[in-house]
Every structure is written in structure tokens, then in C-alpha cells.
Amino acid sequence: MLVRTAVCAALAVALSAGAVLAQSKAIAERKEVMKGVGAAAKQGAAIARGTDPYDNAKAVQVFAVYASAAEKMPGLFPDDSKTGGETTASPKIWEDMDGFKAAMAKWGASAKAAQASVKDIDSFKTAFGEIGKQCGACHEVYRIKK
């Protein structure tokens, strides 16, 4: 009986540790994706401001990072990742998952369109500004401000 109790207790601890690990993995993955988005945004801002010279390959890469993130993000919000890991994800994501997914789809489509359309600094600035507004709108609804 004591052995069975010990095995059950060990199994319970292992299962709860696994759940915490899964939760923290999703949070860590989405933080990593957003770090990449932040780095791309920083690169884009430098190009738009003229502190970095316009380079079409770099400009297109900014939007490629955005498009990739938009594809990945909807899958990085399982129900067990609502809290922990210093997440800044708003509960609104889970309350309005369809809206969140629609925002990601719109952002991804805009980023892919920008990849195909940017040819010079002016077209880059236009696309970067419009996509930046989408980022801000999404953060306004789906991110907790610290």
C-alpha cells in the first residue's frame, strides 16, 4: 500500500511538472517569436528613419519575419498558458480567439503583400507604417501593459 501511494504521488508530481513545463514552453516560444518581431521592427525603424541605408533585401526580411510570426502565434496560446512565465498575453486572447486569429491572419497577409511590393524607401515606409499600426492595434487589445 505504501509503495502504491508513493507511486501515485510521484506520478502526480510528474504530471503537474509536465503541465508547468508545457505551459512555460508555449510562453517561452511566443516570447522568442516576439523578440524576433521586435528585432525586425527595430531594423525597419532604422531603415524608415534613414539611420540605416535602404537595402531591399533587409526591407523584405523585416516583413518575412512578421509573416512567419503571424503564422506561428495562433498556435502558441494553449489554454494552459494563460498565466506564468511573466506572460503579457491578455486574457482577451482566450476570450476572443477567433478575433485574435483574424488579427494574426490580417497581419500575416499584409506582411506577405509588403514582401512582394516593397521596391524602394517610399514603398517601404508606407508598408512599414501600415503594418506598424496593425501591431499597435493588436497589442492594444491582446497584450497587458506593464
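Which residues do ring pairs link into a cluster? Select Tyr-54, Phe-63, Tyr-66, Trp-107, Phe-124 and Phe-128 in this predicted model, and you have the cluster that ring pairs join together. The structure holds eight aromatic pairs, and the tour visits two of them.

Keep Phe-63 and Tyr-66 selected, and look at how their rings are placed: the centres are 6.2 Å apart and the planes stand at 75°, so this pair is edge-to-face. Both residues belong to helix α2, where they are three residues apart, about one turn of the helix. Phe-63 is buried, with a relative accessible area of 0%, and Tyr-66, at 2% relative accessibility, counts as buried too.

Next, select Phe-77 and Phe-100, whose ring centres lie 5.0 Å apart with the planes at 70°, so that this pair is also edge-to-face. Phe-77 sits in the loop between α2 and α3, whereas Phe-100 is in helix α4, so the pair ties together parts that are 23 residues apart in sequence. Both Phe-77 and Phe-100 are buried.

Now select the whole of α2 (residues 56–72) together with α4 (residues 97–117), whose axes come within 8 Å and cross at roughly 155°. Because angles over 145 degrees count as roughly antiparallel, the two helices α2 and α4 are roughly antiparallel to each other, and α2 passes α4 in a left-handed crossing.

Finally, show the side chains where they meet: from α2 the residues include Phe-63, Tyr-66 and Ala-67, and from α4 they include Met-104, Trp-107 and Ala-111. The residues of this contact divide into 11 nonpolar, two polar and two charged.

Terms used. Residues are numbered from 1 along each chain as its sequence is written. This is a predicted model: local features need pLDDT of at least 70, side-chain atom pairs count only at pLDDT 80 or more; totals for chains, interfaces and linings use all residues. Side-chain values use heavy atoms; hydrogens and water are left out. Axes are lines fitted to C-alpha atoms, for helices over the stretch in contact, and angles run from 0 to 180 degrees between N-to-C directions. Helices (H or I, at least four residues) and strands (E, at least two) are DSSP runs, numbered from the N terminus. Angles under 35 degrees count as roughly parallel, over 145 as roughly antiparallel, 65 to 115 as roughly perpendicular and the rest as oblique. A crossing is left-handed if the near helix is turned anticlockwise from the far one by less than a right angle, and right-handed if clockwise. Contact means heavy atoms within 4.5 Å. Ala, Val, Leu, Ile, Met, Phe, Trp, Tyr, Cys and Pro count as nonpolar, Asp, Glu, Lys and Arg as charged, and the others, Gly among them, as polar. Rings of Phe, Tyr and Trp (its six-membered ring) pair if their centres lie within 6.5 Å; planes under 30 degrees apart count as stacked, over 60 as edge-to-face and the rest as tilted. Buried means under 20% relative accessible area, exposed over 50%, partly exposed in between (1.4 Å probe, protein chains only).
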